[in-house]
Each structure stands twice: as structure tokens, then as C-alpha cells.
Amino acid sequence: LEQAIVVSSDPVQSNDVRQQAAMYINSFLSQKDGWKRCLERVFVTQNVVATVFYFETLRNLTLHSYDELTADEKAFLRTILLKWLKEYTTTNPHIDPAVKGKFAQVIVAVFRVDYPHNWSDFFPQLFSVLSIQPFSPQRVELFLRILTSIDELVISLEFAHSNADLALSNAIKDHMREDCVPKLASTWYQILTELAPQYPHLGSLALKNIRYYVGWIDIQLIVNDDFVALFFKLLEVPKLRERVCSCLEQIVTKGMEYQAKVQMIRYLRLFQLISSVNAASDEDFMLAVGKLLNSVGMQAIQCRKEAYLSTNDSQTLDTMEKLVDESISLTGIFFRHEDDGISETVLPFISAFVYKLRHKQPLSETVLRYLQSLLEGIAMKMKFHPSFNFEQEEDDEALFLDYRKELEKLFKSVVRYAQQLTFAFIQAPLVNMLSQDCTKVPMADLEAFLRLFYVMGEGIRVQDASHASYFGSIMEMILSSNLMSYPHEAVIVVTFEILVRYSSSIPNLQDAAVKKVLLAFLGDCGIRHRNTFVRGRACYLFLRIFRELTKDIRPYFTHVMESIVPLLTISLSEQDQPLMDSDQQYLYEIAGIITFELRDNQQAHVAILDRLVTQLLNNIEQILKEKLFVNDPPENPQFAGYLVRAINALGIYSKGFKHCTKEAQERFTRGLELMVLALQLLPLNEDVRGKIMFYLHRMIECMQKDIFPYMPACLNQMFDPIPSAQSFISVIRIVNQLITRFREEVLEMLNALLLTLTQRLFAFYPQIEDPSDQKELQRFYFLFLQSILQSNLGHIFFNEKNLPHFPSFFTPVIQGAKGETTENTKNVKLCFVIISLLIAKDLKKQDAVTQMIPSIIDASFSIIVHPMFSIHDAECSFALSFITKIHKTLVADYGPLIAQRMKLIPGITDDSLNIYFQSLTTKNDHKSATKFLQKMAEHLAQQ
């Protein structure tokens, strides 16, 4: 058996050998008394792997088959486990930690089931282990490990998975308080005073026990003169002091009345402990003390809140304020520490303190002095360390950037509650740095203050007239400086971010300021920067500021176009382009904006269209008509790739048009004709199809109704063939956009398309292999029906052409509403939305709808008893609301049918039926009926 156990977990062995070993083990485990052999073996084997296996087998027995044992067998198991604890630890001085941990799990698994009723002497037996001679530190360690496992596996609410677990946890705690807790406290004290000096690991485990148990035992057992003196003594022991801090932190957060909490914090002399720490202290210890201070501070704020809610006594309130002030005054050494982990420990407390200042206006001089110090700390901690790798950000860099985000949140809070202080703090160093040669200022200093100036705009309204002079003066300094010549990209990027955020301040300066902004973005430090990240960021930000300042940039349109056109070249290989596609798209949109804005200057307007759009269309046409893509190698489809990027560029360019001009429409319609040709020649190329869809979406927005003549050809071509579910979904997206945008105006087009779309979909759906694709395509079909009905186009289903197919249109909806064809509650909800629209107003009078009413009523109740239906699911809750709406619509004409179907549900009586129907027939009362269905669903779920 042991050989099989060892071999089965040995990666060196062959798969066949390990499989044979596993079969032998399974055969052993299937034996009724196999667990007894495990009990025998744990006393004699010296193999760690085997011992762990034996104990794990016993644990599984306790967790899954314990009820099958007789009372004598259970007593035998308890006796042998205690015997192992008492005897094996005496004869074996070195037990592997894995064995110790697994034994503790086994004995606690039995404890969980049998204590206190069937194992009332568990704790007396456990305490007796400590007095066995000769003394064994292993027995003490196992004693403490067992207590740890009792908390982790039985008591801790963190691990409670059900109400039964919670009830068991409470019952065991109640019994332990009477049975053993006082002795546990004295035993911990004895271990810490007598054994910890020689065996620090036992002291560490004892402190861990205290931290686990202090939340629910009598606090006076731990918070007393003896333990407090002991804690301070142990703080001098390097191996234990962090555990002591964790204990104190848990003690501080224990729930109690606020005045008692304040008295306890004072009694524990925590401020004395915290103030004894200095910057030269061990970092791990500082981390532990920082966490303790954070807990003290958070508790102080909570006590202050409770005091203000419960009393007007000035002395009590002053005591609470003093506790908060003392706590916050100690945060500086931790917050400013060079180790960001230590700094982060007090961030929650500091953030909460600053947030609460909204109730303290105007701020006192003491608070303002603290905030000044805090701002200095934020600026210092915001600085990039020299080791920060900007070229290849890894874990350390990611952690620092996350930490900076937290600092920025804190800074924004300070800005909100102390604006003038923050304004002055940021302005002074910026004036100093920007009034000299910026390139000589250390990067970390310059970037940090620029970043804080940028973040400031998130904390206040930049457009506020009272702030205009402040932001205007700093923007003037930035534009007058040589920031754009700074050699580090971090400074360049944050400067561009600032220009965009505070762009509203730029026109208030001289016209030359706008010119400087354009030169910055268009020059070598902007969209032509050598660094790809800076280039991309500059392109994006240039688009944003261009939108904001279009009117002010108008005099420079020609200059801008001449500057960006060379960067708009699309090559067969993206690597040969001056910009990546993702960066080019921002400039294409700028070109579109300029083209549209110059629409009154026909010569300039047409010149740009010919230079950009016509050229792209010519290239697309050449590739398609000459079929240059045919010889594309699969690993590098250059010509097909060009089509993708060129079509995308055309779509992005059109975003600059608020409406389509005559000259642009001539070229865009030529583009539509080429899209149809592309679909004919590359029907299965998903990338090309995707960009054609994007182009069509854009043309619908840009050309409006003028696109109608071109849509039938495009849509028909998309159906033949359809390469994937996602392609079909993209077609439905286009159709839905047309329906919701134009409603009645697309009725003729929709009528021609309806049968084709649905028949192709029903034929295509069974071919889909991926369940997630099926679910998504089903959802978009339902959205298609919803769009038609919500746009008041439902009558299209009842014309001469479509009426014979009405059942095929809506049978999937009824099946989905019942949960027969979908396990997605979002789709179920959609089905009931569609049904509620279908039976609204005049449509329910149609014979086809009338014939479907019994199925609708059946579906409305079938889904409630379906296994996937849960009242706790948001989509199901929405579905119930629509079911109520459906019932209220139908009750007048189909009340008996609703009642007949409802009676089939278990638990529905005549009285409950009357209550529901009364709520259905009460006008303007939707909630009562919905609540009835909710309670009914809850009742059914519990059965």
C-alpha cells in the first residue's frame, strides 16, 4: 500500500505505473475497514507521503461517511487520534509539518461533528496533552495547531458557507465559552511567558490563536494588566513583535460600545507603541505597526461618528476628536516611508480622515498644517524611482502605478476640501520649475507636480469662473516654457494630457498660444515622436484637443492638413507606414473634421476628399478588380490586409462629418458599391466583412436616408454565404440600427428582408457548434424582433406576405420564454419583453396572436418553475415584472385561462388565486402582482 501511495505521486514514474498504483489505492479505499488500517499505519510508518495519505483518508471518512460508522467505531476513532497525539509525539521528536497540519485537520473534522454532545471531554483531553512528561514542544505545537484549525474550519464566519454552518459555529462558541475559554487564555499566557523565549515558533502560534479567538471571547481575558505587560515585553522580540501587532489590531477592531472602545485603546497604550517606531526600524515591523495604526485610526473615526449620533456632551465629543487627531498625527512617518507597502498601510485611514473634512468646514489651523504636510508627502511619494522601467513595465512597475492611483484619489479629496491650500502648494514649485530651463529639472520632480496639476482638474470644476485666472496663469507658463524639449517621455505625455484637460483656458490667452499647442502636437515631440507610446498618445490627445478647439484652430486648418497627410499613408505592410493603424485613425478623424468644416470652401473641401478618400477608393478598386488578394500568402495577406485598413480609415474619416455633403456623398456611395464587390469577392474573409460592417454603420449615420438605395444589395450579399455566427450577428446589428433610426421609413426595405433574414437564420442556427455563439445569435434574433415591435412596425408580421410565417417568427420566443431552448436568463427576459410588446395595443386582436395566447400564458408560469429560474437573478426579476405586465394585459379577456394554468402550480389555493387576481385588476398597481409572483417563486425554490 505504501509503495502504491509513493509511486502514485512520483512524477518520475511512467503513466502506466502510476495508473496501476492509483487502481490499487482505489481498491484499498473501497474496503469497508480500510480506515482502520490507516489508523494502525500512522503509528508505525516513517514515510511522510504515506502518513499524510492515511490522515487525509480519515479526514474524508469524517467529512463524507462518518454517519455510516457505529457509535463504537466513532469512539474508537476519537480514542486512537488522541493516543497518536499523546504517544507518537513522545517517540518521534521530528514530525514533518505536513503531517502535523493534516492531523490537526482530521481531529478537528471529528470535533466539528461530535463536540460537545459525543465528545464532551475533548478539551480536558487536549489540555492533558500539555502535562505529559517528558516535555515535547511538538505536542504544544500540535495543541496550538488544533486550536487554529478549530477557528479556521469550524468557528470563523469567513468560512461559513450556509446557515447550518453559522448555527454550528455559534453553538460551538457558546459551549466553548463555558467549557474552556478561560483556561485557553491562561494557557496562551503560560506558553508566551515560559516557552516562547526558547521556542519562538510556539509563541508565534499562540499569538495567532489569540488573534483568531479574541473576536468572540471575553475581551477582559486578554485585555488586562498581565497580557498588556506581556505584549509590550514581546514587542522587544524580533521574531514575535509582528504577531503581537496583529493581535493588537484584532483587539482594536473587536465590536463594542464606542466609549468602551476608546477606553480600551488608551488602556493598551497603543500610541506609546506606535510613536516609538522610527524610520530606522525594521521594515516588516513598520508594516505591522502601520496596519495597527490604520486600524486604530479607522476605529477612532467610527467612535467619533457614533458619539456625534448619540450625544451632545462637549467633553465626550472633544475626547473623540482628540483620539482622531492623535491618530492622524502619527501617520506621517509611515506615509512618507520610502517603502510603498508601508506607506499604503495608512492610506485608508488618511483617506477617510480627509473625506470626513467635508463636515469640518472651515478647516482649523491644525488641520491645514496637517494637510500641508500631507500634500508634501503625496508629492514626494508620486515621484518615479530611478529604477522604474518605462520601456518594459513589469510587476514592480504595475504595483507602483496602482499605488500612484491611490495617491491621486487622496489628492483629489484634498483639492475638494482645501482648494486654496492645494492651489498654492502646486503653483509655487511649478512657477519655480517652469520659469527656468525645464530640461535641467529632475524628471521625477517635474513629472510629479505636472501630474498632480493634471489630477487637480478631476477634483474641481475647471470651467468655474473663479478658477479661470489660476489655470490660465499656469497654462501660460507651460506654453511659454521649453517643456516640449524635455528628454523624457513621461514629462512629454503628462504635458499633452494637461493641454487637453485645460484646453478651455488656452483661447483666453493670445492667439499665439493656440499656435504653440499645434506646433507641440505636430512636431517631433508629438505625433512624430521617436517613442511609439508617445506617438500614439499624442495622436489620441490631438484628436481630443482638436474637437475642443476646432473654432480656434480654424485659421490653421491648411497647416494641420499639410502636416498630417504624410502620416496618413496606408501601405501594404503596416510596418512600412509612418504610424500604426491604431494611431492613424485619430488623424483620419481630424482630417474628416477639417474636410467637413471647410464645406463652404468647395475647392478646399473637394481637394481634401480627392487627396484622401478618392485615393483610398482607387486603391481598393484596383485590388478588387484585379483580384490582387488572390495570391496573398495565408501568413501575410498583404492585399486583403490593405483592404481592411483602408475601409477602416474611410469609416473613421466619416466620423468627422456631422452630416454628409454632396461632394462627400458621391465618394461614400462609390465606397458602398465597392463594399458590395468586396463581399462578392471575399465572402468568407471575416476581417474584411467586419470593416465593411463598420463602414455601413458609419454611412447610416452620415448619409441618413440617402443610403437606402444601396442597403438591399449590401444586405443580400452578406447572406451569401455567412461564415460565422458573429458575421450573422453583425448583419442583425445593421438591420436593428436601420429600424431604430428610421422606423416607418425602412418598412419597405424591412418587408423585403424579413423572410430572407429569418429563414437564413433558422437554417444557419443548427450548424453552430459553439454554445456561446448559439446563445448570442439567439439573443440578437430576439433583439431584432424587439426592435421591430418597439418601433411600432409590428404590423409587418401580419401582411399577406409574412402572415403565413407568423408561427415560425415567434415560436422561438415562446420556447425561449419557457426555458426550453435557452439556459440564458437574459434571453428569457427578452422573450417576455417581446411577448409584452406583441400583445399590446391592437396587435393582440390579430388572429395569429390570439391563437398563441394559451402558449403565452403557459410559458409565463412554466418559466417560474424551471430549475434555472432564480428570484435572486436580476434578469429573472425583470422577467417577472414583464410577466405581470402580460397578465394585466390579458386578465380581462383570458382570466379563466390564467387561473386554470395557475392552479397547476403546487401551493396555489383559491385564496391565493383571488389575491393575485385582485392585484391584476387594480389599476396602477404593478408592484403587488409582481411581489406575489416573487413570493410564489421563492416558495417553489424552497420545495
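A salt bridge is counted here where a side-chain nitrogen of Lys or Arg lies within 4 Å of a carboxyl oxygen of Asp or Glu, and the side chains of R404 and E447 meet in such a bridge, at 3.0 Å from N to O. The model is predicted, so local features need pLDDT of at least 70 and side-chain atom pairs count only at pLDDT 80 or more, while totals for chains, interfaces and linings use all residues. Residues are numbered from 1 along each chain as its sequence is written, and side-chain values use heavy atoms, with hydrogens and water left out.

**Salt bridges**

- The structure holds 36 salt bridges.
- R404 lies in helix α22 and E447 in helix α24, so their pair ties together parts that are 43 residues apart in sequence; helices are DSSP runs of H or I with at least four residues, numbered from the N terminus.
- Both R404 and E447 are buried, a term that means under 20% relative accessible area, with exposed set at over 50% and partly exposed in between (1.4 Å probe, protein chains only).
- E141 forms a salt bridge with R145, with the closest N and O atoms 3.0 Å apart, and the two residues, 4 residues apart in helix α8 (residues 137-155), are separated by about one helical turn.
- Within this pair, E141 counts as buried at 8% relative accessibility, whereas R145, at 22%, counts as partly exposed.
- E2 forms a salt bridge with R41, the closest N and O atoms being 2.5 Å apart, and this pair links helix α1 (residues 2-8) to helix α3 (residues 34-41) across 39 residues.

**Largest pocket**

- The largest pocket holds about 600 Å³ of space, where a pocket is an open set of points on a 1 Å grid over the protein atoms alone at which a 1.4 Å probe fits, with protein on both sides within 12 Å along at least five of seven lines, and lining residues have an atom within 4 Å of a point.
- The volume is the space filled by probe spheres set on the points, which are joined across faces, edges and corners.
- Of the 23 lining residues, F384, E393, L401, R404 and F533 are the closest to the centre of the pocket.
- Helix α22 gives the most to this lining, with 6 residues.

**Helix packing**

- The axes of helix α32 (residues 602-625) and helix α34 (residues 662-681) come within 10 Å and cross at roughly 10°, and the two helices are therefore roughly parallel to each other.

Technical notes. Axes fitted to C-alpha atoms, helices over the stretch in contact; angles between N-to-C directions. Parallel < 35°, antiparallel > 145°, perpendicular 65-115°, else oblique.
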